[in-house]
Amino acid sequence: MRKKSIIRLFFLLGLMFLVLTGCKGKSVANENILERSKKTDTIVWGVKYDTRLFGMMDIKSSKVEGFDIDIAKAITEKILGKQGKAEFVEVTSKTRIPLLKNGNIDAIIATMTITDERKKQVDFSEVYFDAGQSLLVKKGSPIKSVDDLNADTTVLAVKGSTSAINIRKHAPDAKILELENYAEAFTALQSGQGDAMTTDNAILLGMADENPEYTLAGGAFTNEPYGIAINKGQKDFLDAVNKALKDMLADGTYEKIYQKWFPGSTQGKVD
């Protein structure tokens, strides 16, 4: 009797092992996202909650708003139809790829620059925002582009940033004053300690939106485009996202969203 009980116990343990390994093989991260989203009428997007104009939580409405959010909603509708729902999960620069890899989100649209290093971990859509480094100046400034920076001008940047490195390459004669963070750099610009501030145009657009007496000078002088990150092995979903973006550019949906968030600007606009 005892022998039968032991055999039965081993059988049950073996069965549990097979069930668990089977579940692991069909994890959320390995599912076909396009097929699942069509069944659920939902795409889950990883977005920023703290980036002005792109993804910012509105305290009054308790909803996240911005360019990235509206692009994600439009793509969702293109893929799933009007009944499609775009759900949003907060991500940071550190958490976004792990959350994607774990299957917590279906795609990342969070001011994410397309790089060769990141391409080893994820696939990227076509460019949806042509980001790059630019200059912020007070309106009426004689500085119209990076070419106007010379030995008589001081440029403000954040310590240790790629922006500080890049500006030395593009304006070798200009004086560079490095501050601890964006807030300090902008305060220095306001107080006249510098003639221009430099970082990504996406960040500068947010500052100009909050401070209308300041504007971006010239176009971007580095190329750091934003793409939508999708997990490896999800070609069907990637193709659907790219088709949606192409259709949005063709039918004016992209232009409408761009003008909503960046009226009168061409910085970062994709044609």
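One aromatic cluster is formed by Phe54, Phe67, Tyr128, Phe129, Tyr226, Tyr254, Tyr258 and Phe262. The model is a predicted one, in which local features need pLDDT of at least 70 and side-chain atom pairs count only at pLDDT 80 or more, while totals for chains, interfaces and linings use all residues. Residues are numbered from 1 along each chain as its sequence is written, and side-chain values use heavy atoms, with hydrogens and water left out.

A pair of aromatic rings is described by the distance of the centres and the angle of the planes. Here, rings of Phe, Tyr and Trp (its six-membered ring) pair if their centres lie within 6.5 Å; planes under 30 degrees apart count as stacked, over 60 as edge-to-face and the rest as tilted. The search of the whole structure returns 15 aromatic pairs.

Consider Phe67 and Tyr128: their ring centres are 6.2 Å apart and their planes lie at 20°, so this pair is stacked. Phe67 sits in helix α3 (residues 67–80) and Tyr128 in the loop between β7 (122–124) and β8 (133–138), 61 residues apart. Helices (H or I, at least four residues) and strands (E, at least two) are DSSP runs, numbered from the N terminus.

How are the rings of Phe67 and Tyr254 arranged? Their centres are 6.0 Å apart and their planes at 85°, so the pair is edge-to-face. This pair links helix α3 to Tyr254 in helix α10 (residues 253–261), 187 residues apart.

Finally, accessibility: buried means under 20% relative accessible area, exposed over 50% and partly exposed in between (1.4 Å probe, protein chains only). Phe67 is buried at 0%, and Tyr254 is buried at 3%.
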